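Thanks for coming. Please bring it up on your screens.

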Amino acid sequence: MRTYIVGNWKLNFTVGEASIYLHKLLKKMPNYRDIEVVVAPSTIALQPLSLQIDRHKMKLSAQNAFYRDYGAFTGETSFTQLRGIVDYCIIGHSERRYIFSESDKVVSKKVAAAIRNKITPILCIGETESERAFGETKDVIKDQLIGGLSEIGDDDIDKIIVAYEPVWAISSTKSSKLAAPDEIADAVKLIREILSEVYGKKVAESVPVLFGGSVNPSNAGAYLTVPGVNGLLIGGSSLILSEFTDIIEIAKRVHA
Ligand code: PEP
């Protein structure tokens, strides 16, 4: 399986800044066939960057989209409109769940809309700090995974990517809040067990599972060697070109 390195730029970079970053990244980056590099700029930058990107080297992801294709939904952008522009879309990121109150029901409709429009959903799941403290980690992972995939049948399950992102480990500057490799291994094992129960063993082994949570060049190697982890979803460190390219190089070395 390929290794996925996904940079989530969140609400950062003007269109001009995003274009300059992409230009530099494309120049610096070799074409690694076994590493799928993906960047997720703001919606407004997606169309211009889609004309600039070299899809042999990397792909574009949206950070969010609406599940209805057209209609009276002021301010929204649909997966239909993004079709052909992006290859991936991050769905159910914790910032969308907790700042924008997205439920598992909404997440599941977005996952279905992405697949309907030939866009690969990167379904983010993960427990908050208090859920972990109350021993609810397993239930949260199960609910968010089964809930997020509730509209996806056997025919489409091979078109999704899951990202385990414990909310307490996102954007952390404290080493005490970094996820330990064995904590990630337990969560990824659970994710594959749930997938196996619902969709069968073969699917459970073939769905890519990424990890995200304060990944940077000094911990990327350790996270990429956690059993069952097929790549990384990176926020802060993906905004710094040298760090993002270092992580890509680490992925290449680990994959070899
Ligand atoms: C994220 O928001 O998906 C993320 C993993 O961010 P960071 O790498 O900054 O923790």
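The largest pocket has a volume of about 500 Å³. This is a predicted model, so local features need pLDDT of at least 70 and side-chain atom pairs count only at pLDDT 80 or more, while totals for chains, interfaces and linings use all residues. Residues are numbered from 1 along each chain as its sequence is written, and side-chain values use heavy atoms, with hydrogens and water left out.

On terms: the search runs on a 1 Å grid over the protein atoms alone; a pocket is an open set of points with protein on both sides within 12 Å along at least five of seven lines, a cavity is a set where a 1.4 Å probe fits but cannot get out, and lining residues have an atom within 4 Å of a point. Grid points are joined across faces, edges and corners, and a volume is the space filled by probe spheres set on the points.

The whole structure holds one cavity of 30 Å³ or more, and about 40 Å³ lies in the largest cavity. Its lining includes His93, Arg97, Cys124 and Glu165. Helix H4 (94-98) and strand S5 (120-125) each supply at least two of the lining residues. The lining divides into four nonpolar, five polar and two charged.

Now the fold. The chain has 11 helices and eight strands, taken as DSSP runs numbered from the N terminus (helices H or I, at least four residues; strands E, at least two). The radius of gyration is 17 Å, close to the 18 Å that the globule rule gives for 256 residues, so the chain is as compact as a globular protein of that length. That radius is taken over C-alpha atoms, and the rule is 2.2 Å times the number of residues to the power 0.38.

Last, one residue. Leu233 is found in strand S8 (residues 231-234). Is Leu233 buried or exposed? Leu233 counts as buried, at 2% relative accessibility (buried is under 20% relative accessible area, exposed over 50%, partly exposed in between, with a 1.4 Å probe and protein chains only).

Definitions and conventions: Ala, Val, Leu, Ile, Met, Phe, Trp, Tyr, Cys and Pro count as nonpolar, Asp, Glu, Lys and Arg as charged, and the others, Gly among them, as polar.
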